[in-house]
Amino acid sequence: MDIDYDVIIIGAGPVGGYTARLLCERGLSVVMVEEHNEVGRPFQCAGLVTPSAMDAVEAYDTVVEDVDGALIHGPSGTLVPVGRQGELRTYVVCRKRFDQTVVQQGLEAGADLLLESQPTSAEVTPDGVEIEIINQRTKETRILRSKLLIGCDGAHSWVRRRFKMGYPKEMMVGFQTEVVGYQGKEGWLEMYSGSEIAPGFFAWVIPSGNGTHRIGLWSKADLLDGRTVLDCYNDLLKHPLWKDRFENIIETARYCGPVPSGMIRRPFKDRVMVIGDAAGMAKPTTGGGLGPGFKQISSIADKLVERINADQLTEKDLKAVTKSSWPKMKKEQDRARALRDLLVSTRTDEELDEHFANFAKPEVISLINEIGDIEKPVPLGLALLKKVPAFRKLALQAGVKLLFS
Ligand SMILES: Cc1cc2nc3c(=O)[nH]c(=O)nc-3n(C[C@H](O)[C@H](O)[C@H](O)COP(=O)(O)OP(=O)(O)OC[C@H]3O[C@@H](n4cnc5c(N)ncnc54)[C@H](O)[C@@H]3O)c2cc1C
């Protein structure tokens, strides 16, 4: 097969842009195919980028606020402050500019970009992949051929569905507004919990620069009991404990979107792979998908490029490329989910209140600050179970869950 590109990437989101950059920097020819007429819109994101994810793309000029910590509220109001003033925990970015910066890096490394374009069919042959692309404005179609097709096309990935690659283990739903008029502590985000506000998960208020805030929440359909995330959002604003904080807000924008978490069983097939949200990479504990998506591709980039150059891209070859990192990432995700369920998602408000009373003890807060790492929640969960007497009764259940996760 005469190929047009070594790799065709469907989706020019942050993970598509970063993937394009890493592959181009290693000498490959790459095209990104993006259905929208601009990069970075529409976006559904709270805009939190961890330092390690930021290190990967160095998009520092998209930062709108540095965050030192979180003020976490239990269902009855117990406050657990996590973080230390002046010690950066995470960045808040303008997500549109962040996506554009990352995709621009891909273009500068040599990738091409087709906007307003979507795949309509894709066939894999022993020699390559043949993809029909339609331009949505002109309705013109063209055939592109490559050695490898990568789906970076988000939570409802066309590539994943076309090649019947399965589904992420969980699909949470997130809702968020942007507001002015909220008075929060500068450089600190806030989290609210409880079954009325965010069943099994949490709501957030994130400072986003120039006096603006992002207010949102996420949960799962089976925990919402017929309510919508918008109902929960309204309940947060009217909650007797918190309503005073929200009384002067003016909404300027709102979004709703899926958070896929739980790496799919087969993220690759002959000449096809999926990365980022398409593969279900978001963290089960925070919903953050940028860092895991970046890590998923950076952990295999060198080996993958060797295989692409040698045109060895069967499912077996791709399994060999990914086997030292992806199963480990999946396992870590499964363990974090098991601990999240045990400590938070399956708990009643009364039980959560008890947990918060324990979290709020000074020695536990020190432990959280010492071991707590948004990137690796499992060690913290295990330390809490081991070192906090009140949590010891959960340790056996945790052991069983971790064993079978
Ligand atoms: C409310 C909410 C808040 C969140 N907050 C955070 C946060 O604070 N921090 C964080 O790290 N993560 C957060 N996430 C998750 C984060 O937004 C995603 O994990 C991240 O965007 C994944 O990047 P991606 O490139 O894999 O997919 P996307 O960002 O979804 O990009 C996919 C791209 O593919 C394009 N595309 C899709 N289908 C096609 C097609 N058929 N043809 C062509 N193009 C296509 C899309 O237009 C898009 O440009 C949040 C999610 C939600 C819903």
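Pro119 stands opposite Ile133 in strand E10, and this pair belongs to strands E9 (residues 117-125) and E10 (residues 128-135), which pair in the antiparallel sense over 8 bridges. E9 and E10 form a hairpin with 2 residues between them. Here strands (E, at least two residues) and helices (H or I, at least four residues) are DSSP runs numbered from the N terminus, and two strands pair if DSSP finds at least two bridges between them. The model is a predicted one, in which local features need pLDDT of at least 70 and side-chain atom pairs count only at pLDDT 80 or more, while totals for chains, interfaces and linings use all residues. Residues are numbered from 1 along each chain as its sequence is written.

**Domains**

- The protein is divided into domain 1 (5-41 + 96-168 + 262-324), domain 2 (59-93 + 170-260) and domain 3 (331-404), with bounds that come from an automatic or database domain assignment.
- The centres of domain 1 and domain 3, taken over C-alpha atoms, are separated by 35 Å.
- The contact between these two takes 7 residues from domain 1 and 7 residues from domain 3, where two residues are in contact if their C-beta atoms, placed from the backbone, lie within 7 Å.

**Shell around the ligand**

- Of the 36 residues around the ligand, Gly11, Gly13, Gly174, Gly276 and Gly289 come nearest; a residue is near a molecule or strand if its C-beta atom, placed from the backbone, lies within 6 Å of it.
- Domain 1 and domain 2 both give residues to this shell, so the shell lies between them.
- Helix H1 supplies the largest share of the shell, 3 residues, and the elements that each supply at least two residues include E9, strand E12 (170-180) and helix H8 (290-298).
- By class, the shell has 15 nonpolar, 17 polar and 4 charged residues, counting Ala, Val, Leu, Ile, Met, Phe, Trp, Tyr, Cys and Pro as nonpolar, Asp, Glu, Lys and Arg as charged, and the others, Gly among them, as polar.

**Helix H3**

- The 14 residues of helix H3 (residues 95-108) should span 20 Å at 1.5 Å a residue, and because the end C-alpha atoms are 20 Å apart, the two values agree; the expected span is 1.5 Å times one less than the number of residues.
- The buried residues of H3 include Phe98, Val102 and Val103, where buried means that 20 or more other C-beta atoms lie within 10 Å of a residue's own, exposed means 12 or fewer, and partly exposed lies in between, with C-beta atoms placed from the backbone.
- Among the elements that cover the buried residues of H3 are helix H1 (14-25), strand E2 (30-33) and strand E7 (90-93).
- Just after H3, Gly110 takes a positive phi of about 120°.

- Strand E1 (residues 5-10) and E2 pair in the parallel sense over 4 bridges, and Ile8 stands opposite Val31 in E2.
- Both faces of E2 are covered, with Val30 and Met32 on one side and Val31 and Val33 on the other, all of them buried.
- An open sheet is formed by 3 strands in the order E3-E7-E4, with antiparallel pairing, and its edge strands are E3 and E4 (63-67), each of which pairs on one side only.
- E4 and E7 are joined by 4 bridges, and Asp66 stands opposite Tyr91 in E7.

**Val229**

- Val229, found in helix H6 (residues 229-238), is buried, with 23 other C-beta atoms within 10 Å.
- Leaving aside neighbours within four places in sequence, Val229 is in contact with Val173, Phe175, Leu217, Ser219 and Cys256.
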